[in-house]
Amino acid sequence: MLTAVRAVAMAAALAGFSLSVHAAGVSVEGAYARPSLGAARNSAAYMTLKNDADAPDRLIRAESDVAAQVSLHTHLMKKVDGKVIMQMRPVRDMPIPAHGETKLHPGGLHIMLIGVKKPLKPGDSFSLRLIFEHAAPVTVQVPVKSLAETMKDMHSRPTMKMKAD
Ligand SMILES: [Cu+2]
């Protein structure tokens, strides 16, 4: 039995493919971006990052030709003169729990596109490459949604969620 398994493994190795059916890593679901507005020429991309590995991972960088600069951002609630305002600030990375997911959404974590090279309108799409600490890089095609659709997603609250199983 063992020798048979070893023989199969060796044949697989010689054929240049791995016996593992599924490579653990990070996958991306529901990616979209908001349209760029006015003269600011900024946009933001949102998505769910799913980690099916046994160890936590992190999104450490994002790259795209669509904008002059691509940064990882979050929103913070801040009290200024007794008024609560929402402010963006860069983050070093976005942790993704083992067998869990991290949701990027309006009002929370997002990938900031600073200085888009041409205005992004609903129906447009662009390519975005995500680089992780451990998992293989993932390139996603990101469709641009309308502002109304983007705002709808603002109510989905939790930024980080552990899979309950
Ligand atoms: Cu931002």
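Modeller: Strand S4 (residues 67-80) and S5 run antiparallel and are joined by eight bridges. Strands pair in this account if DSSP finds at least two bridges between them. Helices (H or I, at least four residues) and strands (E, at least two) are DSSP runs, numbered from the N terminus. The model is a predicted one: local features need a pLDDT of at least 70, side-chain atom pairs count only at pLDDT 80 or more, and totals for chains, interfaces and linings use all residues. Residue numbers start from 1 along each chain as its sequence is written.

Within this pairing, Lys78 stands opposite Ile85 in S5. S4 and S5 form a hairpin with two residues between them. Asp81 lies in the loop that connects S4 and S5, and its phi is near 50°, a positive value in a residue other than glycine. Most residues other than glycine have a negative phi. Asp81 is exposed, because 5 other C-beta atoms lie within 10 Å. The terms are as follows: a residue is buried if 20 or more other C-beta atoms lie within 10 Å of its own, exposed if 12 or fewer, and partly exposed in between, with C-beta atoms placed from the backbone. Strand S5 (residues 83-90) is itself hardly covered, since the count of buried residues among its eight residues is zero.

His99 is in the loop between S6 and strand S7 (100-104). With 16 C-beta neighbours inside 10 Å, His99 counts as partly exposed.

An open sheet of four strands has the order S6-S3-S9-S10, with antiparallel pairing. S6 and S10 are its edge strands, each pairing on one side only. From one strand to the next the twist averages 40°; for such angles, axes are lines fitted to C-alpha atoms, for helices over the stretch in contact, and angles run from 0 to 180 degrees between N-to-C directions. Strand S3 (residues 57-63) pairs with S6 in the antiparallel sense over three bridges, and Leu59 has Met94 as its bridge partner in S6.

Apart from its neighbours within four places in sequence, Val142 is in contact with Ala31, Tyr32, Ala33, Ala45, Ser125, Phe126 and Leu128. Two residues are in contact if their C-beta atoms, placed from the backbone, lie within 7 Å.

His134 is in the loop between S9 and S10 and counts as partly exposed, with 15 C-beta neighbours inside 10 Å. Outside the four places on either side in sequence, His134 is in contact with Ala53, Ala55 and Asp57. His134 and Asp57 are 77 residues apart in sequence and 6.1 Å apart in space, C-alpha to C-alpha. Gly25 lies in the loop between helix H1 (2-15) and S1 and is partly exposed, because 16 other C-beta atoms lie within 10 Å. With neighbours within four places in sequence left aside, the contacts of Gly25 are Asp52, Ala53, Ala135 and Ala136. The C-alpha atoms of Gly25 and Val138, 113 residues apart along the chain, are separated by 9.7 Å.

For the whole protein, there are two helices and 11 strands, following the pattern α-β-β-β-β-β-β-β-β-β-β-α-β along the sequence. Buried residues make up 24% of the 165 residues. Among contacts between residues at least 6 apart in sequence, 68% join residues at least 24 apart. The average pLDDT, the predictor's confidence in each residue from 0 to 100, is 85, and 79% of the residues score at least 70. Over residues 158-165 the pLDDT is below 50, although this stretch has 14 contacts in the model beyond near neighbours in sequence. Where pLDDT is low, the predicted coordinates should not be read in detail.
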